[in-house]
Amino acid sequence: MKRRLSEQQEFEIMKMVLDKFLWLGFGIMAYGLYLMFSSTLQIGLSWIIAGAVILLLFTWIIVKEYEVIR
């Protein structure tokens with residue numbers, strides 16, 4: 001027998017999951033910035049773009065799941 005979650009519980013779980021996307025995207029972008037200073041510009045920039053893609057995915061999931069009004 002499965003338990004049903006309330007809307008508030010579902011929102012709290014979704015917030016925790018999406019928070020991990022945010023930290024992951026920020027971490028990848030910070031690593032890219034580090035690589036830009038220590039290595040070549042192209043390698044660092046590619047890591048920054050990868051982090052930005054993750055953050056855009058985060059934004060898309062929020063808009064799709066919770067119908068955020070623009």
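Let us start with phenylalanine 21, which is partly exposed, at a relative accessible area of 26%. The model is a predicted one, and it places this phenylalanine 21 in helix α1. That value of 26% lies between the 20% below which a residue counts as buried and the 50% above which it counts as exposed, so phenylalanine 21 falls in the class in between.

Who does phenylalanine 21 touch? With neighbours within four places in sequence left aside, phenylalanine 21 is in contact with Ile54, Leu55, Leu57, Phe58 and Ile61. A further reference point is tryptophan 60: 39 residues along the chain separate tryptophan 60 from phenylalanine 21, and their C-alpha atoms are 12 Å apart.

## The chain as a whole

Stepping back, the protein chain has two helices and zero strands. Its C-alpha trace spans about 55 × 30 × 15 Å along the principal axes. The radius of gyration is 16 Å, whereas a compact globule of 70 residues would have one near 11 Å.

Of the 70 residues in the protein chain, 17% count as buried. The accessible surface comes to about 6,100 Å², and carbon and sulfur atoms account for 70% of that surface. As for contacts between residues at least 6 apart in sequence, 50% join residues at least 24 apart.

Helix α1 covers residues 7–38, and glutamate 7 lies in it. Is glutamate 7 buried or exposed? Its relative accessible area is 74%, so glutamate 7 is exposed.

Methionine 16 belongs to a nonpolar surface patch together with Leu5, Ile13 and Val17. The accessible area of this patch is about 360 Å² for the four residues together.

## One salt bridge

How many salt bridges does the structure hold? The count is one. Side chains of opposite charge can pair when their charged atoms come close. Here the partners are lysine 15 and glutamate 12, whose side chains meet at 3.5 Å, N to O.

Lysine 15 and glutamate 12 are three residues apart in helix α1, so about one helical turn separates them.

## Aromatic rings

The count of aromatic pairs comes to three. In one of them, the ring centres of tryptophan 23 and phenylalanine 26 are 6.2 Å apart and the planes stand at 85°, so this pair is edge-to-face. The angle is what decides it, because planes over 60 degrees apart count as edge-to-face.

Tryptophan 23 and phenylalanine 26 sit three residues apart in helix α1, which means about one helical turn lies between them. Both of these residues are exposed. Elsewhere, Tyr31, Tyr34 and Trp47 form one aromatic cluster.

Conventions:
Residues numbered from 1 in each chain as written. Predicted model: local features only at pLDDT ≥ 70, side-chain atom pairs only at ≥ 80, totals over all residues. Heavy atoms only, no water. Helix = DSSP H or I, 4+ residues; strand = E, 2+ residues; numbered from the N terminus. Buried < 20%, exposed > 50% of the residue type's maximum accessible area, 1.4 Å probe, protein only. Patch = residues over 30% accessible without salt bridge, like charges linked within 9 Å, V, L, I, M, F, W, Y side chains within 5 Å. Areas by Shrake-Rupley, 256 points an atom, 1.4 Å probe, with all protein chains shown as cover. Rg over C-alpha atoms; globule rule 2.2 N^0.38 Å. Contact = heavy atoms within 4.5 Å. Phe/Tyr/Trp six-rings, centres within 6.5 Å; stacked < 30°, edge-to-face > 60°.
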